[in-house]
Amino acid sequence: MRLLAFTKPFGPLDPARLAETVASVGADGVDLVVREGQTVSPADPGGIAVVAAELERRGLSLDVVTTDLLDAGADAERIIAACGESGVPLMRVGFFRYDPAAGYRRQLEESRVALSRLAAVAARHGVRPAVQLHHGTIHPSASLALALAGDLEDVRFYADPGNQAKEGSEAWALNVDLLGDRMACMGVKNAAWRSTADGWVCEWQPFADGGVVPWPEIIPGLRARGYTGVLSLHVHYPAADPAAAVRRDIDHLRGLLG
């Protein structure tokens with residue numbers, strides 16, 4: 001399994017510095033976040049190719065591009081085309097948020113149509129779209145993500161047990177079994193429940209410090225099931241030195257991989 005550094009904690013580093021930082025933390029490649037305030041913004045997707053080239057010079061790869069795309073359009077066409085031209089195999093789509101006022105069934109129908117349009121654009125450029133399991137959406141679990149994808153066979157899935165801890169959790173083995181060969185990436189992070197004046201909250205914490213997600217069980221379980229996809233290490237907790245935080249967590253993850 002290859003280990004990717006999710007670039008969100010690094011902010012708007014220029015491509016060369018981003019590649020140098022990723023090399024310094026010991027990752028095999030990158031899960032590049034395309035957002036405002038990051039190395040590559042949606043308004044300038046040409047930066048994807050620049051990042052890919054800088055990574056390649058250092059023996060690293062650009063395996064995943066994470067976007068906020070929720071439908072086809074000019075922005076989607078430019079970003080996905082840039083992914084295809086740079087040889088990026090997987091493009092994570094945005095979050096189809098759950099709105100109780102709209103109702104699940106209506107949202108499922110509308111979101112599936114939008115996802116199908118995105119999938120069509122991705123197919124033209126040789127890129128696979130991926131739906132991440134994420135709290136607060138209509139795809140927080142494997143079963144609901146599969147319902148969203150419907151018969152869109154090109155759609156892949158980005159599992160994330162840490163995200164699921166934020167919304168009641170779900171057996172990781174069940175997720176892996178349901179997603180099968182369509183699971184192309186797994187997000188790696190951990191969290192802990194803490195008591196506050198306003199009640200119990202689930203907060204992100206350093207992966208190396210453990211938490212509610214049983215990663216010492218999940219990692220060998222993935223290997224036993226023959227998973228050969230990528231693991232994307234996420235640092236969402238506050239860190240004075242993001243590179244040091246990512247390095248520490250990646251070292252811990254490599255330890256679990258043995």
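This is a predicted model: local features need pLDDT of at least 70, side-chain atom pairs count only at pLDDT 80 or more; totals for chains, interfaces and linings use all residues.
Me: Can you show me one pair? How many bridges are there between strand 2 and strand 3?
Reply: Five bridges link strand 2 (residues 29–33) with strand 3 (residues 61–66), in the parallel sense. To find the spot, look for Asp31, which has Val64 of strand 3 opposite it.

Me: OK, now strand 10. Which strands does strand 10 pair with?
Reply: Strand 1 (residues 2–6) is joined to strand 10 by four bridges, running parallel. Strand 7 (residues 183–188) is also joined to strand 10 by four bridges, again parallel.

Me: Are the two faces of strand 10 covered or uncovered?
Reply: Both faces are covered in strand 10 (residues 230–233). Val230 and Ser232 are buried on one side, while Leu231 and Leu233 are buried on the other. As a general rule, side chains in a regular strand alternate between the two faces of the sheet.

Me: Leu231 keeps coming up. What does Leu231 touch?
Reply: Leaving out residues up to four places away in sequence, Leu231 touches Met1, Arg2, Leu3, Leu4, Met186, Val188, Ile219, Leu222, Leu253 and Leu257. Leu231 is also listed with Leu32, Ile48, Leu62, Ile80 and Met186 as having the most contacts inside the largest nonpolar core, which has 76 residues.

Me: Which helix gives the largest share of that core?
Reply: Helix 4 (residues 104–124) does, with seven residues. Apart from this core lies another one of nine residues, including Phe6, Val33, Cys185 and Val230.

Me: Switching to helices. How do helix 1 and helix 2 pack?
Reply: Helix 1 (residues 15–25) and helix 2 (residues 47–57) pack at an angle of about 40°, and their axes are 9 Å apart. The two helices are therefore oblique to each other, and their crossing is right-handed. Pro15, Ala16, Leu18 and Ala19 of helix 1 make the contact with Val50, Val51, Glu54 and Leu55 of helix 2.

Me: What about helix 5 and helix 7, at what angle do they cross?
Reply: Helix 5 (residues 142–149) and helix 7 (residues 172–179) cross at roughly 25°, and their axes come within 9 Å. That angle makes helix 5 roughly parallel to helix 7. Ala142, Ser143 and Leu146 of helix 5 meet Asn175, Leu178 and Leu179 of helix 7.

Me: Last one! Which way do strands 8 and 9 run, parallel or antiparallel?
Reply: Antiparallel, with seven bridges between strand 8 (residues 190–196) and strand 9 (residues 199–205). A hairpin of two residues joins strand 8 to strand 9, and Arg194 has Val201 of strand 9 as its bridge partner.

Terms used. Residues are numbered from 1 along each chain as its sequence is written. Side-chain values use heavy atoms; hydrogens and water are left out. A nonpolar core is a set of buried Ala, Val, Leu, Ile, Met, Phe, Trp, Tyr and Cys residues joined through side-chain atoms within 4.5 Å. Buried means under 20% relative accessible area, exposed over 50%, partly exposed in between (1.4 Å probe, protein chains only). Contact means heavy atoms within 4.5 Å. Two strands pair if DSSP finds at least two bridges between them. Axes are lines fitted to C-alpha atoms, for helices over the stretch in contact, and angles run from 0 to 180 degrees between N-to-C directions. Angles under 35 degrees count as roughly parallel, over 145 as roughly antiparallel, 65 to 115 as roughly perpendicular and the rest as oblique. A crossing is left-handed if the near helix is turned anticlockwise from the far one by less than a right angle, and right-handed if clockwise.
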